[in-house]
Amino acid sequence: MSTLLFALLVPEPAGSPGSARRDRVADGIAIGLALAYGAVMVRLGDATSPGAVVPWPVDVAVGVLCAATLVVRRRRPVGLALALLPFGAVSIMATGPVTAALFTAAVRRRGRVVLLLGAANVLLAGLYFLLHDQPAYPLWVDFVVRGVVTVAAVGWGLFVQAHRRLTRSLREHAARLEAEQHLRVDQARLTERTRIAREMHDVLAHRMSLVSLHAGALEVRTDARPDEVALAAAAIRDSSHEALQELRTVIGVLREGTPGRPEPPQPDLGDLPALVDDARAGGMAVAYTSGVPAAGPSVALGRTVYRLVQEGLTNARKHAPGSPVEVVLDGAAGDHLRVTVTNACPPTPARPAVPGAGMGLVGLAERVALAGGRIEYGAERDTFRLRAWLPWPG
């Protein structure tokens with residue numbers, strides 16, 4: 001019931017799902033209320049007295065026909081109100097449809113036009129009084145009753161119009177905020193892709209330089225022993241394999257060239273102990289457990305793990321300062337490398353000392369997806385966990 005009432009007061013835009021049904025329900029309610037009000041006025045008013053302007057059956061028939069025209073009130077609110085006003089001077093049953101038409105005009109048109117229509121409706125009460133041979137009530141009663149009803153209908157209609165305008169502006173504002181949020185997420189993903197592409201550029205350049213160096217040595221050392229040739233060939237093979245792995249990682253990443261100095265070498269798995277030591281030096285209680293040798297995973301995989309742990313420590317420092325943090329690395333070649341960063345959630349969320357856009361985890365998810373892995377993060381009871389599974393080729 002409350003949902004239906006809200007839909008009647010604040011309808012969805014035309015053409016949206018359910019708008020046609022809502023319009024039919026609203027029209028039925030408007031016609032029903034108009035007929036009910038007119039019937040009450042026929043009973044209480046002068047329609048059944050000997051001096052009525054028209055016989056009461058004619059009065060009722062005119063009111064019913066006027067109520068039927070309310071189906072077009074949404075398309076022509078002002079025109080319908082103007083067309084129905086004269087019937088309010090001869091039929092008391094028609095005052096119900098006239099009031100419904102005034103309400104619709106107040107919802108959909110400017111206040112000045114609606115006030116003029118309402119004033120005309122009140123003045124027609126005097127004409128109805130003059131056309132009546134033996135009115136049962138004095139003129140002021142007709143003016144007061146029709147005036148109160150008209151003011152109520154017009155006032156409520158103007159309130160509904162203002163409420164709809166406010167709700168529409170809030171919807172537009174929410175839509176803009178949602179679009180801006182999507183834009184920020186897309187920008188964070190693009191930024192992460194660009195950063196990964198730059199990192200891959202540095203690593204690939206290093207791998208290709210090793211391949212070129214060993215190939216050049218083979219070209220110059222024509223008298224090299226077979227074991228030396230085999231050693232150089234193995235180095236070329238390993239470097240080429242690593243370069244191929246890097247290329248597979250960077251495929252699909254869009255790199256936008258930006259002028260400026262080259263970025264420094266990027267950290268990898270071997271730099272994790274130093275990262276943990278820095279966090280401890282900053283006052284964090286970090287328990288670090290690693291069952292993965294630093295020389296085991298590829299450079300790209302180690303760099304992704306480093307970024308995961310770095311982001312986990314940053315989030316714990318910002319949102320749960322003083323809480324202990326546990327970092328666990330395990331896995332095996334040919335399976336997955338698993339990363340888990342856990343910290344206790346504070347009883348009351350801490351306000352970050354350093355404001356951020358909240359896009360760190362979005363960029364992290366993009367990085368993990370590009371590496372072919374998956375990531376999960378969120379609070380579980382009183383603990384926040386950041387977990388990632390990354391493929392580790394054998």
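Student: What makes 36% of the 394 residues of the chain count as buried?

Tutor: This is a predicted model, and in it 36% of the 394 residues count as buried, because each of those residues falls under the cut-off of 20% relative accessible area.

Student: How do you know that Arg 374 lies over the face of Trp 389?

Tutor: The distance from Arg 374 to the ring centre of Trp 389 is 4.0 Å, and the rule asks for CZ of Arg within 6 Å of the centre and within 35 degrees of the ring normal, so the pair qualifies as a charge over a ring.

Student: Why are β2 and β3 said to pair, and in which sense?

Tutor: Strand β2 (residues 325-331) and strand β3 (residues 336-344) share seven bridges in the antiparallel sense, and since pairing requires at least two bridges, they count as paired. Within this pairing, Gly 331 stands opposite Leu 337 in β3.

Student: What makes β1 and β4 edge strands?

Tutor: The open sheet has five strands in the order β1-β2-β3-β5-β4, with mixed pairing, and β1 (286-290) and β4 (374-380) are its edges because each pairs on one side only. Neighbouring strands of the sheet are turned against each other by 10 degrees on average, direction ignored.

Student: How do you know that helix α9 packs on the sheet?

Tutor: Helix α9 (residues 272-281) touches β1 and β2, where contact means heavy atoms within 4.5 Å, and the direction of α9 makes about 170 degrees with that of β1.

Definitions and conventions: Residues are numbered from 1 along each chain as its sequence is written. This is a predicted model: local features need pLDDT of at least 70, side-chain atom pairs count only at pLDDT 80 or more; totals for chains, interfaces and linings use all residues. Side-chain values use heavy atoms; hydrogens and water are left out. Helices (H or I, at least four residues) and strands (E, at least two) are DSSP runs, numbered from the N terminus. Axes are lines fitted to C-alpha atoms, for helices over the stretch in contact, and angles run from 0 to 180 degrees between N-to-C directions. Buried means under 20% relative accessible area, exposed over 50%, partly exposed in between (1.4 Å probe, protein chains only).
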